[in-house]
Amino acid sequence: AGHLELDIVSEAADGVHFVEVKARTAPVTSTLADQVNPIKQKRISAAALQYLHKNHIDAGEVYFDIVSVLFDGPQTKLRYFPQAWIPMYF
């Protein structure tokens with residue numbers, strides 16, 4: 001009924017990647033990937049299931065990745081965390 005909480009959906013040769021993007025300005029107290037806690041993971045996983053069903057996608061493999069973007073003065077630091085979590089009920 002509401003909007004799906006998905007940042008990036010990418011269909012690739014190895015399956016479908018649901019990518020959560022976390023962006024912050026330095027300094028930060030924890031890694032940005034750590035901010036995707038189990039509650040957030042559940043919401044994203046549920047939205048992914050809904051997305052796959054709604055769009056009639058037979059995904060084969062499904063991956064949940066995280067990209068962190070840290071704005072640190074003139075620098076922007078990107079980190080990619082492939083397969084950041086695996087939902088237990090997927």
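Visitor: How many bridges join strand β3 to strand β4?

Guide: Eight. This is a predicted model, by the way. Strand β3 covers residues 62–72, and strand β4 covers residues 75–85.

Visitor: What do β3 and β4 form, and how many residues sit between them?

Guide: They form a hairpin, with two residues between the strands. Gly73 is in the turn, and its phi is positive, about 60 degrees.

Visitor: New topic. How many aromatic pairs are there?

Guide: The count comes to three. One of them is Phe18 with Tyr51, an edge-to-face pair. Their rings are 5.9 Å apart, centre to centre, with 85 degrees between the planes.

Visitor: Where in the chain are those two?

Guide: In distant parts. Phe18 belongs to strand β2, residues 15–25. Tyr51 belongs to helix α1, residues 38–54. They are 33 residues apart.

Visitor: Why does Phe18 count as buried?

Guide: Because its relative accessibility is 1%, and the cut-off for buried is under 20%.

Visitor: What about Phe64 and Trp85, how are their rings arranged?

Guide: That pair is stacked. Phe64 lies in strand β3 and Trp85 in strand β4, 21 residues apart.

Visitor: Are Phe64 and Trp85 buried or exposed?

Guide: Both are buried.

Visitor: Last one. Which residues do ring pairs link into a cluster?

Guide: Phe18, Tyr51, Phe64 and Trp85.

Notes. Residues numbered from 1 in each chain as written. Predicted model: local features only at pLDDT ≥ 70, side-chain atom pairs only at ≥ 80, totals over all residues. Heavy atoms only, no water. Pairing = 2+ DSSP bridges. Helix = DSSP H or I, 4+ residues; strand = E, 2+ residues; numbered from the N terminus. Phe/Tyr/Trp six-rings, centres within 6.5 Å; stacked < 30°, edge-to-face > 60°. Buried < 20%, exposed > 50% of the residue type's maximum accessible area, 1.4 Å probe, protein only.
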